[in-house]
Amino acid sequence: HGACVVGSGLLRTYLINFCRSFIYTTALPETSIAAIKAFYHLFPGMNAERNHLKELIYAFRNAGIRYNCPLSDTPIQIVMIPGNEEVKRTEQQLIAAGINAKAILYPTVPAGSERLRIVLHAYNTAEELALLTGLLK
């Protein structure tokens, strides 16, 4: 949902005046708005989930992974694995083990700084994290 058009003031004026159906078709559907509203009531009470996620992040950061992992206290963790072939091979090993991690390859990043992007979630278990970190050791 949603869109962005970058252009001149003339283009903006044209789109507003002659493409209203295009503009309004990119609005969020009512079901998305209702879900967002429900989450505003749900999220404040999710302290156990937030604490569990913090524990997973801490455990990942201290797991002794053999690759360089830039410091991040967020659920998004980066594992630097230089070389497109090497990072793709590691990605495939993780996928085969049931772990969804995405390789970010050259030329998206500079050559030699290829990486895996790992996103931890509150629903991940300690066993899943141990499997992931074990494969990266």
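**Exercise 1. Is Thr133 buried or exposed, and what is its relative accessible area?**

*Solution.* Keep in mind that you're working with a predicted model.
- Step 1: Find the residue. Thr133 sits in helix α6.
- Step 2: Look up its relative accessible area, which is 7%.
- Step 3: Compare with the cut-off. Buried means under 20%, so Thr133, at 7%, is buried.
- Step 4: Check what it touches. Once you skip its neighbours within four places in sequence, Thr133 is in contact with Phe60, Ala63 and Ile65.

**Exercise 2. Work out how the chain is put together, and set its radius of gyration beside that of a compact globule.**

*Solution.* 
- Step 1: Starting at the N terminus, the pattern reads α-α-α-α-β-α-β-β-α.
- Step 2: Get the overall dimensions. The C-alpha trace spans about 60 × 45 × 25 Å along its principal axes.
- Step 3: Now the radius of gyration. The chain has 21 Å, while a compact globule of 137 residues would come out near 14 Å.
- Step 4: See how much is tucked away. Of the 137 residues, 26% count as buried.
- Step 5: Check the contacts along the chain. Taking those with a separation of 6 or more, 53% are between residues 24 or more positions apart.

**Exercise 3. Find the salt bridges and describe the residues that form them.**

*Solution.* 
- Step 1: Recall the idea. Side chains of opposite charge can pair when their charged atoms come close.
- Step 2: Apply the cut-off. The nitrogen of Lys or Arg has to be within 4 Å of a carboxyl oxygen of Asp or Glu. The count comes to 2 salt bridges.
- Step 3: Take one pair. Lys88 and Glu85 meet at 3.5 Å, N to O. Both lie in helix α5 (residues 84-96), 3 residues apart, which is about one turn of the helix.
- Step 4: Ask how open this pair is. Lys88 has 32% relative accessibility, so it counts as partly exposed. Glu85 has 59%, so it counts as exposed.
- Step 5: Take the other pair. Glu86 and Arg89 meet at 2.5 Å, N to O. Because they are 3 residues apart in helix α5, about one helical turn separates them.
- Step 6: Do the accessibility check again. Glu86, at 28%, is partly exposed, and Arg89, at 37%, is partly exposed too.

**Exercise 4. Describe the largest pocket: its space, its lining and the elements that supply that lining.**

*Solution.* 
- Step 1: Start with the space. The largest pocket holds about 360 Å³.
- Step 2: Go to the lining. There are 16 lining residues, and the closest to the centre are Ile99, Asn100, Val119, His121 and Asn124.
- Step 3: See where the lining comes from. β3 (115-119) and α6 (126-135) are the elements giving two or more residues. Helix α6 has the largest share, with 4 residues.
- Step 4: Sort the lining by type. You'll find 9 nonpolar, 4 polar and 3 charged residues.

**Exercise 5. Locate the cis peptide bond between Tyr106 and Pro107.**

*Solution.* 
- Step 1: Go to the bond from Tyr106 to Pro107. Its omega is near 15 degrees, and the bond is cis.
- Step 2: Pro107 is in the loop that runs between β2 (102-104) and β3.

Definitions and conventions. Residues are numbered from 1 along each chain as its sequence is written. This is a predicted model: local features need pLDDT of at least 70, side-chain atom pairs count only at pLDDT 80 or more; totals for chains, interfaces and linings use all residues. Side-chain values use heavy atoms; hydrogens and water are left out. On a 1 Å grid over the protein atoms alone, a cavity is a set of points where a 1.4 Å probe fits but cannot get out, and a pocket is an open set with protein on both sides within 12 Å along at least five of seven lines; lining residues have an atom within 4 Å of a point. Grid points are joined across faces, edges and corners, and a volume is the space filled by probe spheres set on the points. Ala, Val, Leu, Ile, Met, Phe, Trp, Tyr, Cys and Pro count as nonpolar, Asp, Glu, Lys and Arg as charged, and the others, Gly among them, as polar. A salt bridge is a side-chain nitrogen of Lys or Arg within 4 Å of a carboxyl oxygen of Asp or Glu. Buried means under 20% relative accessible area, exposed over 50%, partly exposed in between (1.4 Å probe, protein chains only). The radius of gyration is taken over C-alpha atoms; the globule rule is 2.2 Å times the number of residues to the power 0.38. Contact means heavy atoms within 4.5 Å.
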